[in-house]
Amino acid sequence: MTDNTDNRNKSMDETTTNEDRSISVSRVIEASPERVYNAFVDPDELAAWLPPEGFSGEIHEFDASEGGTFRMSFNADIEELEPYSHSFHGAYKELSPGDRIVYTEEFESDDPGMAGETTTTVTFEKVSGGTEVTVRQTGIPDNIPPENANEGWIGSLENLADVVEEA
């Protein structure tokens, strides 16, 4: 077994889901809060790390400023995942460099089970060994089990660590 510090960098520190259609996931990443924050507001980096395994990201519109909007697609890399490809758009409500990001997003779907606005709050806290990134997502659509959103964020934060820790 590895020591606790190494273990924190390789797995989730905290993961919670609950019945109010929300999740919270945390991970320590070996990079400064500013570096990790920048990976959220750089469209090329965001497209590289945010999509879940089996998908690639495509940015259609991107204005990372308070009140700015974005539009993005997750495209399946293999035929079996094609039914899960989707586009979504949103707006940045708060951008505090190296500290916090709050944004909303909505799926572009005619399916009523995918309707509604999701709010994502990301915080960056300097800790020994790097930055603790905490993602809290509320208002997850009815057709997305919170555990699936949770798994998606676990994978995305793993991808994020790969991007910023290699830099």
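Predicted model: local features only at pLDDT ≥ 70, side-chain atom pairs only at ≥ 80, totals over all residues.

Reader: Which helices do R35 and E45 sit in?

Author: R35 is in helix 2 (residues 33–41) and E45 is in helix 3 (residues 43–49). The two are 10 residues apart, and the pair links distant parts of the chain.

Reader: How many salt bridges does a search of the whole structure find?

Author: Four. Another one joins the side chains of R71 and E108, at 2.9 Å from N to O.

Reader: And what does the R71 and E108 pair tie together?

Author: R71 lies in strand 4 (residues 69–76), while E108 is in the loop between strand 6 and strand 7 (118–127), so the bridge ties together parts that are 37 residues apart in sequence.

Reader: Is R71 buried, partly exposed or exposed?

Author: Partly exposed, because its relative accessibility is 28%. E108 also counts as partly exposed, with a relative accessible area of 34%.

Reader: OK, what about R100, which residue does it bridge to?

Author: To E94, with the closest N and O atoms 3.1 Å apart. R100 is at 30% relative accessibility, so it counts as partly exposed. E94 is at 27%, so it is partly exposed as well.

Reader: Switching to the inside. Which residues touch the most other members of the largest nonpolar core?

Author: V36, F40, I101, V133, W153 and L160, out of 36 residues in that core. Helix 4 provides the largest share of this core, six residues.

Reader: Let's take F40. What is it in contact with, leaving aside neighbours within four places in sequence?

Author: Quite a list: L46, W49, F62, Y92, I101, V122, F124, V133, W153 and L160.

Reader: Which element gives the most to the lining of the largest pocket?

Author: Helix 4, with eight residues. Strand 5 (86–96), strand 6 (100–107) and helix 4 (146–166) each supply at least two lining residues.

Reader: And how does the lining split by class?

Author: The lining of the largest pocket has 16 nonpolar, 12 polar and four charged residues.

Technical notes. Residues numbered from 1 in each chain as written. Heavy atoms only, no water. Helix = DSSP H or I, 4+ residues; strand = E, 2+ residues; numbered from the N terminus. Nonpolar A, V, L, I, M, F, W, Y, C, P; charged D, E, K, R; others polar. Core = buried A, V, L, I, M, F, W, Y, C linked by side-chain atoms within 4.5 Å. Buried < 20%, exposed > 50% of the residue type's maximum accessible area, 1.4 Å probe, protein only. Contact = heavy atoms within 4.5 Å.
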